[in-house]
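Visitor: I'm new to this one. Could you pick a single spot, take a close look at it with me, and then show me how the rest looks from there?

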Amino acid sequence: GLVNQVVSQLIQAIRSQEGSFGSIERLGAGSYYEHVKISEPNEFDIMLVMPVSRLQLDECDDTGAYYYLTFKRNPKEKHLLKFLDEDGKLSAFKMLQALRDIIKQEVKNIKNAEVTVKRRKAGSPAITLQIKNPPAEISVDIILTLEVQQSWPPSTQDGLKIEQWLGRKVRGEFRNKSLYLVAKQNKKEKVLRGNTWRLSFSHIEKAMLNNHGSSKTCCESDGPKCCRKGCLKLLKYLLEQLKMKYTKQLEKFCSYHVKTAFFHSCVMWPNDTDWHLADLDHCFQKYLGYFLDCLQKSELPHFFIPRYNLLSLEDKASSDFLSRQINYQLNNRFPIFQE
């Protein structure tokens with residue numbers, strides 16, 4: 001409730017500014033909104049979605065995930081032209097900066113909560129708010145997102161292989177949804193100019209998690225229950241606990257790795273009978289086995305962009321480290337879950 005109040009007030013302020021962000025809408029993303037949050041609801045991701053009619057996307061590296069954006073001629077969005085850099089590319093950095101300034105101004109006017117804007121983390125797509133909510137703190141990541149009504153780029157062509165699991169029709173429906181791009185710095189660039197954007201599929205991921213069964217009634221109030229989300233929550237929790245213990249060694253890993261492996265597992269074991277609620281233990285071990293396999297090979301293809309590997313070979317050492325820690329847990333009946 002507190003988060004909603006704060007965010008609503010910010011959005012009003014953002015919209016009331018002249019022109020630039022007038023059309024912004026909010027979209028809850030991340031684990032809280034996918035109903036796979038495991039600990040206290042103390043972290044929220046809010047996407048601020050801004051519709052843009054047509055953009056030209058140019059890949060800026062070989063992942064197929066990062067793009068330079070330029071406007072086709074005579075864009076409707078004249079108010080965005082001031083965010084172009086000297087090469088005519090839409091600058092994520094400039095847009096984030098402008099949004100950040102509005103938010104920093106407005107948090108001063110928030111009466112019923114103590115809200116601060118955290119310092120900018122280099123390359124992070126988020127503007128992070130800290131809301132004091134005694135005895136705890138809530139952190140809210142605000143993520144600037146462009147919503148483009150055009151077909152998905154070629155790098156996604158062979159991704160989202162859900163035909164056996166959710167069906168061909170659902171895949172078609174998903175691929176007809178808008179394209180989302182978040183203001184995310186591509187770390188591979190030699191010179192960090194802040195003008196790259198990364199594809200985001202969080203709206204599709206949320207839909208897949210919330211309708212995850214091959215039968216339409218899976219996990220509905222009167223339908224059969226499966227353990228898919230239970231498995232995902234367990235592995236997320238395991239990674240979270242290990243990250244708390246070995247922060248430095250595991251800084252390269254995040255819950256997105258676990259979620260990607262989860263979607264691949266749903267495709268490998270597409271039937272609801274593969275995920276009986278009573279078989280949680282067995283299913284978790286299968287899913288964990290797949291994840292360990294990915295770590296060992298340093299290979300975890302992005303679920304929507306197959307040629308984009310989320311585990312690069314240069315991070316082999318951290319993959320091996322995580323692999324050892326998970327194997328230790330596995331062989332000792334998960335002491336970390338008892339702690």
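Guide: Let's start at V140, which sits in strand β7, residues 136-148. Strands here are DSSP runs of E with at least two residues, helices are runs of H or I with at least four, and both are numbered from the N terminus. Before going on, note that this is a predicted model, with residues numbered from 1 along each chain as its sequence is written. Local features need pLDDT of at least 70, side-chain atom pairs count only at pLDDT 80 or more, totals for chains, interfaces and linings use all residues, and side-chain values use heavy atoms, with hydrogens and water left out.

V140 counts as buried because its relative accessibility is 0%. The word "buried" means under 20% relative accessible area, "exposed" means over 50%, and "partly exposed" is in between, using a 1.4 Å probe and protein chains only. And what does V140 touch, leaving aside its neighbours within four places in sequence? V140 is in contact with V3, V7, F44, I46, I127, T128, L129 and I131, where contact means heavy atoms within 4.5 Å. For a sense of distance, A183 is 43 residues away from V140 in sequence and 16 Å away in space, C-alpha to C-alpha.

Leaving out neighbours within four places in sequence, L129 has contacts with V6, L10, I103, V107, V115, T116, V117, I138, S139, V140 and I142. So far as K216 is concerned, L129 is 87 residues from it in sequence and 38 Å from it in space, C-alpha to C-alpha.

D101 belongs to helix α2, residues 92-107, and counts as partly exposed because its relative accessible area is 41%.

T70 is part of strand β4, residues 66-71. It counts as buried because its relative accessibility is 17%. Not counting residues up to four places away in sequence, T70 touches L55, Q56, D58, G88 and K89. T196 is in a loop, the one between β8 (179-182) and β9 (197-200), and is buried because its relative accessible area is 0%. Its side chain reaches the backbone oxygen of K184 at 2.9 Å. A polar contact is a pair of N or O atoms within 3.5 Å; within protein, one must be able to donate a hydrogen and the other to accept it, and residues adjacent in sequence count only if both atoms are side-chain atoms.

Let's step back for a moment. The protein is divided into domain 1 (2-202) and domain 2 (215-337), with bounds from an automatic or database domain assignment. The centres of the two domains, taken over C-alpha atoms, are 26 Å apart. Their contact takes 28 residues from domain 1 and 20 residues from domain 2.

Next, a pair of helices. Two packed helices are described by the angle between their axes and the distance between the axes. Helix α5 (residues 228-245) and helix α8 (residues 316-331) have axes that come within 11 Å and cross at roughly 115°. Those axes are lines fitted to C-alpha atoms, for helices over the stretch in contact, and angles run from 0 to 180 degrees between N-to-C directions. L238, L239 and L242 of α5 make the contact with L322, Q325, I326 and Q329 of α8. By type, the contact residues are five nonpolar, two polar and no charged; Ala, Val, Leu, Ile, Met, Phe, Trp, Tyr, Cys and Pro count as nonpolar, Asp, Glu, Lys and Arg as charged, and the others, Gly among them, as polar.

K252, between α5 and α6 (255-268), is partly exposed because its relative accessibility is 46%. Leaving out residues up to four places away in sequence, K252 touches H257, D315 and S318. C219, in the loop between α4 (202-210) and α5, has a positive phi of about 65° although it is not a glycine. S298, in the loop between α7 (280-297) and α8, has a positive phi too, near 55°, and is buried because its relative accessible area is 3%.
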